[in-house]
Amino acid sequence: MRTIKFILALSFTTFFVWQLARPQQLGDKTIPPLGAFLNPFSGFWANAEPANDFKDQNLSLPGLKGKVEVVYDDLLVPHIFAENMEDAARVQGYVTAQHRLWQMDMTTRKASGRLSEVIGEKTLRMDRLARRRGMVYAAENDLIGWKKSPETMALLQAYTDGVNAWLDQLSPADWPIEFKLLHYAPEPWTPLKVALVSEAMAETLCAWEDDLESTNTLAALGSETFNYLFPEWNPKQQPIIPDTGQWRDLHPLLPPPFFADSTRSLGLIAPDAQEEKYLNDGPIVGSNNWALSGTKTKSGKPILCNDPHLNLTLPSIWFQVQIHTPESNTYGVSLPGVPGVLIGFNENIAWGLTNVSHDVSDWYKIHWANSERSKYTIDGEQKSVRFRYEAFGIKGQPDFMDTVRYTVFGPVTYDFEMDNPLRDCALRWVAHDVPEQSTFDVFLGLNTGKNYAAYKNALPGFDSPAQNFVFASRAGDIAIQAQGKYPVRGQQQGRFIQEGDRWANAWHSYIPWDQIPSMKNPSRGYVFSANQHSTPPSYPYYYLGNFEDWRSRRIYERLEAMTNATVDSMKTMQLDNFSQRAADALPTMLRLLDRSQLDTEGRKMADELAAWNFRYESNLMAPTIFEAWFDSCYTATWDEIAALEKRGKGNVPTDDLLANKNRKIALLYPDAWRFIEIMQIDSASVFFDHPATPYRETARDIILESFKLTQAYFRQNPEKRIAFGEYKGFVLKHLGQIDAFSRLDLKLGGHRTAPNAMSKANGPSWRMIVELGDVVHALGVYPGGQSGNPGSRFYDNMVDTWASGNYYDLLFLKSANEASGRILGKQVFKP
C-alpha cells in the first residue's frame, strides 16, 4: 500500500510540476509558466525593489575611455558626468536599459513587425502592416544616412554597447517582469533598433493622411459641395509664421505638372472608428510650445515652454537625463533607446518640439502590366517591381513568409487583402527616404549649442518627422522653425489618391531649406506653435495636413495680452482648460435654441450651460452636457454622410465605391470649425435638413431636436449626468495593457480643444518650463516615473504630481560633487 501511495504521490507531483513548467491557456489568453513566474528566487518576487534603499556602486564598463560618474536625484534622474561625448553615450545606454529595457524591446518589436514572436498569431496582421508600410525599410535607410557621419555612428555604437553591457550581466532572475510574464528573453541592442525607435515616433507623428476618404468624398458630393464643406484654411486661426512680407521677393521652385484630374473614387474601406475621427475622444498627436522674449517677462529674461501631447503609457514615453561633458551641460528628456536629449536645455539655450502636421505621405494607384503583378507602367514604359521577402516568427506556430512589392513610389501595402480597395496602391512616405544628414547631428548641435547661430546650423539635417523647433537663448534671442522635408506640390496634389502611371504625379523636388517657414525675434515678443497651419495661404508653396484649430487661438490670445510673464504665468497657460471650440459653438447653439419648447428641466439645463465659462474642469457638469449636445447636433447634421458611408450609394457610381455589407465606405466629415461656422452664417443650409422628412429642417430644428435627445439621454441614464472628469474618464495604461501595472483611478479636467489637451488616454507627456536667466531655472513633470519596473517606487511616483497640475524643480547640477539634499546616490563607471 505504501508503494502505491508513493507512486500516486510521485505521479501527482510530477504532473503538478510539469503543469507549472508550461504555459497555460485561460480562455483566449495564454499565461506564462506559473512555476517560473512564482519562483521566489527568479520569478516576479525578484523584481520588487526596497522602498528606501539606494546603494552607491563602483562598476566596470568595457569601452570607456575615462571615468564616468552618474549622480541620481530624488526622482531617479541620472546626471551623467563624463570626460567625452562617447563615454556619456555609452553610460546613457547602460542606465536607460537598466530602467527601461522591456519598453525599448517592445517599441522596436512593434515598429519592426515582430510582436507575433512573443504574443502569437493575433498580432500577425499588425506585424505584416508594419513591414508592408516599410518601417524596417525606413530604419535601414536611416542607418545609410547616419553612416555619413562617423561621429554619429561612434555615438550610436557606444550607446548600443552600453545597453548590451547592462543586458549581458543580467540573469533570468533579473529580467524585467514583462519578459517573465510573456516568457521570452531580451535580445541584444543594435544601431538598427535605435533607428526603429526613431521610426516608431515618425509613424506616430507624420504618417497621417486622408487621401482615401477625400477621394471618395469628392466623388460622392461633387467638387462644389466638397469645396464648400472642406476648405483647407480656417480664417480664424493664427498661423505659426505670420506673413510680414518676408515672402514677397521669394523665388519658389515650380511644382511639377501635376494631373489634378487623374484622381477618382476607388471605393475605400473606412478605418476603425471612422465616426470618431473628427469630434470624439480619439488620439491627440500634437503639442504646444512657445518662447517669450525678455520684453514680455517680469525678469527681462526669455522663457521657453513645451508640452508634447501623445498617447500616455506606463512606463512613460520619456526618460529624463542630464549629460555633462566638456562640450556641454544638457538636461531634458530622451526617448528610451535613443542617445542624447530631444527636448531640453543647457546653460545657454533651450528648445522644444511640436508636430508640424503636414501631410508627407501619398497613395499612388499602380497600373499593372501583367497578371503576376511583377511589372507596372509609367508613361507607357514597363518597370519591374522589387520584391522584398519578409519572414515572421509566430509564437507556437511555424514561421510565416510574406512578399512585399516595392515600386518607384514605395511599397504596395495592402495587396495581401483581396477586398481592400487600396490593394493596388503604393505608399510614398517621406520617412522612407535616406536622410541627407545625420538626424543625431541635429540634436548633438542643440545639446552643445550656445546661441542662435548654433540652433540655426543644427536644424537642416532634420527631415522626419517634421517638427516646429522653438528656441530661446540666454542672450535674449527667440525663434521658431517648421523644420522638415516637404515635397514641392501642385495645387491639391496629395489631397487625393493619384494615378501612378504618370511620372509627373511623383515628388520631384523639396522646399529649399532657406525657404522653410521660420521666424526670429518678432516685434510682438513671442513665438508659438500648437499644430496649426505653418503659414497663411500667402506662403508660395502649397501644403496640406491635419492642422489644429482651437488651442492655437487660445494660446495666441493669451500671449498677445501677456505682460510681466513669470514661471507661474506659464504654468497657468499649460494647465488652461478653456476650450475655444466651446466658446465658438455654445453661444451660437444657445442663440438658436427655442427655449419656449423646453420643459422646466430643459430650461434649467440650458441655464447651466449659459453660465458655463467654457472650461473643462473635472468637477463641472456643464462640459458633460455640452459634449453630449454638441456631438448630437453634429451627428444629426451630417446624417447624409453617415447614410452614404453605410450604403456606398448616392451620387457615386456603385462601380466606383466598394459596397461591402460588412464594411463602411470611408468618407470625410466636415471639421468642427466649419460646422460651427455654417451654423453661424448659414443656419438655413440644406445640410441641416433630414432628407427623410417632408419638412425642411434648419439649424434651429437640429439644435432643438438634439437638445431634447440629450435631455432624454441623461434622464434615462442618470449615472451619466456626472462631473466631466468622471464622465470622460482617464486611463494611464501599461504598455502591455496590464491593468495591475496601470493607473485607472485619475479624474482629470482638460480637453483636446483646450491648451491642456487631454483625452481618455492622451495628453501632455512632458510639461517643461525654462527661464534662461544668469542661472537657469527649469521645471518639469511627466505622468509616470523614471523606472519601468512596476515594483519600484519610481514607476509612477510623478503621476499624482502631474495630475494635480504641479511641477518639479529640475536639478541642474554643475558637477558630480555638487552638494544637494536631493541626491540619492552615485554610480561610478571605470574602464
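**Close-up views of helix and sheet packing**

**View 1. Helices α17 and α18 cross at roughly 110°, and their axes come within 9 Å.** The model is predicted. Helix α17 covers residues 600–610 and helix α18 covers residues 622–637. Angles of 65 to 115 degrees count as roughly perpendicular, so α17 is roughly perpendicular to α18. On the α17 side the contact involves Met-605, Glu-608 and Leu-609, which meet Ala-622, Ile-625, Phe-626 and Trp-629 of α18. Sorted by class, the residues of this contact are 6 nonpolar, no polar and 1 charged.

**View 2. An open sheet is built from 11 strands with mixed pairing.** The strand order is β3-β29-β4-β5-β9-β10-β11-β12-β19-β20-β22. The edges are β3 (57–60) and β22 (518–520); each has a single partner strand, so one side of each lacks a neighbour in the sheet. From one strand to the next, the twist averages 15°.

**View 3. Strands β12 and β19 pair in the antiparallel sense.** Strand β12 spans residues 349–355, strand β19 spans residues 467–473, and the pairing extends over 7 bridges. Asn-355 stands opposite Gln-467 in β19.

**View 4. Helix α3 (residues 85–112) packs on the sheet.** The strands touched by α3 are β3, β4 (68–73), β5 (78–81), β9 (319–324), β10 (329–334) and β29 (823–830). The direction of α3 makes about 160° with that of β9.

**View 5. Helix α12 (residues 439–447) lies across β10, β11, β12 and β19.** Strand β11 comprises residues 343–346. Helix α12 runs at about 145° to β12.

Note on methods: Residues numbered from 1 in each chain as written. Predicted model: local features only at pLDDT ≥ 70, side-chain atom pairs only at ≥ 80, totals over all residues. Heavy atoms only, no water. Axes fitted to C-alpha atoms, helices over the stretch in contact; angles between N-to-C directions. Helix = DSSP H or I, 4+ residues; strand = E, 2+ residues; numbered from the N terminus. Parallel < 35°, antiparallel > 145°, perpendicular 65-115°, else oblique. Contact = heavy atoms within 4.5 Å. Nonpolar A, V, L, I, M, F, W, Y, C, P; charged D, E, K, R; others polar. Pairing = 2+ DSSP bridges.
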